[in-house]
Amino acid sequence: MPQTAHTPSSPESGSGKQMLSEQVHARLRDAIMRGEHAPGDALKPHDLAKRQGVSLAVVREALVRLVGEGLADRLPNRGFAVPAFSDRRWQEIAEARRAVEPVVLRMSIERGDVDWEARVRAAHHRLARTPPYLPDEGEYYTEEWSEAHRVFHRTLLDGCGNPVLMDTFDRLWTASELARRWSAYHNPDRDGIAEHRRLEETALARDADAAAEVLTLHLTLTAAVLADEDDDARPAKRT
């Protein structure tokens, strides 16, 4: 029987293209989170494709994913850009979180069992012991701290036992991640350690009123830094 010739698959065909898209998405996401693309900066697919050494299709796929995550805007002329620093969305997301999360926290305090208490304590211990910044790149949150931060807030709420509410939390958390980083850039002296400790203490004391109040203030402080900034303001880096 005649042998069928096998042509080596292109790096951008099938699974190769998917892997490239994942890599480009991860690099662009990290660059935006680290402030390498400032608020309002254009994300030009042709330039990014050339810089990354991939096709325009791969870059566009990655950018569309970033739009879905709230980390990029799709412009009317089919271009892309980093969201503006003073975009109204950040206040709308903060408002949604203030409306939802304190209520879910109350439910969690009411319904959470001893296992929930242990998980809250463990999540807070991990957060408190994880450095938010590295000595050689002090202006950026570490990924380890960001994940510990997410886990602590999620654990506070997951005692509610309602997966629909937890899905809502997950979506709002992802949508607010960029604003949270920008807020930290502009308010580096904020005592987040004390705020998180107070959240743990009030939750484990089963003081729903105090815990809801602390959480509301915590969310408000994050959004307040972004409320009155100019559209072209750049995140101030820590020194």
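## A helical pair

Aspartate 115 and arginine 119 form a salt bridge, with the closest N and O atoms 3.1 Å apart. A salt bridge here is a side-chain nitrogen of Lys or Arg within 4 Å of a carboxyl oxygen of Asp or Glu. Aspartate 115 and arginine 119 are four residues apart in helix 5 (residues 114-129), so about one helical turn separates them. Helices are DSSP runs of H or I with at least four residues, strands are E runs of at least two, and both are numbered from the N terminus.

Aspartate 115 is partly exposed because its relative accessibility is 46%. Arginine 119 is also partly exposed, at 33% relative accessible area. The classes are buried (under 20% relative accessible area), exposed (over 50%) and partly exposed in between, using a 1.4 Å probe and protein chains only.

## Model basis

This is a predicted model: local features need pLDDT of at least 70, side-chain atom pairs count only at pLDDT 80 or more, and totals for chains, interfaces and linings use all residues. Residues are numbered from 1 along each chain as its sequence is written, and side-chain values use heavy atoms, leaving out hydrogens and water.

## Other salt bridges

The structure holds 16 salt bridges. Side chains of opposite charge can pair when their charged atoms come close. One of the bridges joins the side chains of arginine 89 and aspartate 73, at 2.3 Å from N to O. Arginine 89 sits in helix 4 (residues 88-111) and aspartate 73 in strand 2 (residues 73-74), so this pair ties together parts that are 16 residues apart in sequence. Aspartate 73 counts as buried because its relative accessibility is 19%.

Glutamate 195 and arginine 190 also meet through their side chains in a salt bridge, at 2.8 Å from N to O. Glutamate 195 is buried, at 15% relative accessible area. Arginine 190 is partly exposed, at 23% relative accessibility. Elsewhere, salt bridges link Glu143, Glu177, Arg180 and Arg181 in a network.

## Histidine 25

Histidine 25 lies in helix 1 (residues 15-33). With a relative accessibility of 6%, histidine 25 is therefore buried. Setting aside residues up to four places away in sequence, histidine 25 touches Ala62, Arg65, Leu66 and Glu69. Contact means heavy atoms within 4.5 Å.

The side chain of histidine 25 makes a polar contact with the side chain of glutamate 69, at 3.1 Å. A polar contact is a pair of N or O atoms within 3.5 Å; within protein, one must be able to donate a hydrogen and the other to accept it, and residues adjacent in sequence count only if both atoms are side-chain atoms.
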